[in-house]
Amino acid sequence: MQVEVKKPDEGQLANLGVKEWPIWEKEESSFDWHYDEKETCYFLEGEVEVELTNGEKVKVEKGDLAVFPKDLDCKWHVKKKVKKHYCFG
């Protein structure tokens with residue numbers, strides 16, 4: 001399973017309606033996570049390293065739009081406090 005990470009421009013964010021999405025915040029920590037459905041999120045602040053079950057590590061930071069696929073199992077390592085918009089489905 002692949003995690004997509006890109007740096008969107010303002011037009012792409014507006015087309016997705018990102019500013020209308022809820023906000024989630026998390027302090028520095030590590031935790032296991034399972035995605036019951038696809039999640040798209042835009043990072044307003046922070047930095048995380050997402051460790052996949054195959055050992056691959058994906059870095060996501062301020063300004064990144066990340067898409068996590070349904071049924072993904074991973075471990076989140078929050079390196080700097082995160083504040084992100086998110087949308088499931």
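# Reading a cavity, a core and salt bridges

Modeller: Let's start with the lining of the largest cavity: by class, this lining has three nonpolar, no polar and two charged residues. Here Ala, Val, Leu, Ile, Met, Phe, Trp, Tyr, Cys and Pro count as nonpolar, Asp, Glu, Lys and Arg as charged, and the others, including Gly, as polar. The model is predicted, so local features need pLDDT of at least 70 and side-chain atom pairs count only at pLDDT 80 or more, while totals for chains, interfaces and linings use all residues. Residues are numbered from 1 along each chain as its sequence is written, and side-chain values use heavy atoms, with hydrogens and water left out.

Colleague: How should I read a cavity, and which residues line the largest cavity here?

Modeller: Rolling a probe the size of a water molecule over the atoms shows where empty space is left. A cavity is a set of points, on a 1 Å grid over the protein atoms alone, where a 1.4 Å probe fits but cannot get out; lining residues have an atom within 4 Å of a point. In this structure, E4, V5, K6, L65 and V67 line the largest cavity. Strands β1 and β6 each give two or more residues to that lining, and β1 has the largest share, with three residues. Strands are DSSP E runs of at least two residues, helices H or I runs of at least four, numbered from the N terminus.

Colleague: How many cavities of 30 Å³ or more are there, and what volume does the largest have?

Modeller: The search of the whole structure finds one, and the largest cavity holds about 30 Å³ of space. That volume is the space filled by probe spheres set on the points, which are joined across faces, edges and corners.

Colleague: Now the nonpolar core. Which residues touch the most other members?

Modeller: In soluble globular proteins, nonpolar side chains tend to be buried together. A nonpolar core is a set of buried Ala, Val, Leu, Ile, Met, Phe, Trp, Tyr and Cys residues joined through side-chain atoms within 4.5 Å. Buried means under 20% relative accessible area, exposed over 50%, and partly exposed in between (1.4 Å probe, protein chains only). The largest core has 17 residues, and V48, F68 and W76 touch the most other members. The strands giving two or more residues are β4 (39–52), β5 (57–61), β6 (65–68) and β7 (73–88), with β4 supplying the largest share, five residues. Apart from this core lies another, of five residues, among them V18, W21, Y42 and L65.

Colleague: What does F68 contact beyond its neighbours within four places in sequence?

Modeller: F68 is in contact (heavy atoms within 4.5 Å) with V3, Y35, E37, K38, E39, C41, V50 and W76.

Colleague: And how many salt bridges are there?

Modeller: Seven, each a side-chain nitrogen of Lys or Arg within 4 Å of a carboxyl oxygen of Asp or Glu. E61 pairs with K7, the closest N and O atoms being 3.9 Å apart. These two are 54 residues apart, E61 in β5 and K7 in the loop between β1 (4–6) and α1 (10–16). E61 is partly exposed at 28% relative accessible area, whereas K7 is exposed at 52%. K59 also bridges E61, at 3.6 Å between the closest N and O atoms. Through shared partners, salt bridges join K7, K59, E61 and D64 into one network.

Key
On a 1 Å grid over the protein atoms alone, a cavity is a set of points where a 1.4 Å probe fits but cannot get out, and a pocket is an open set with protein on both sides within 12 Å along at least five of seven lines; lining residues have an atom within 4 Å of a point.
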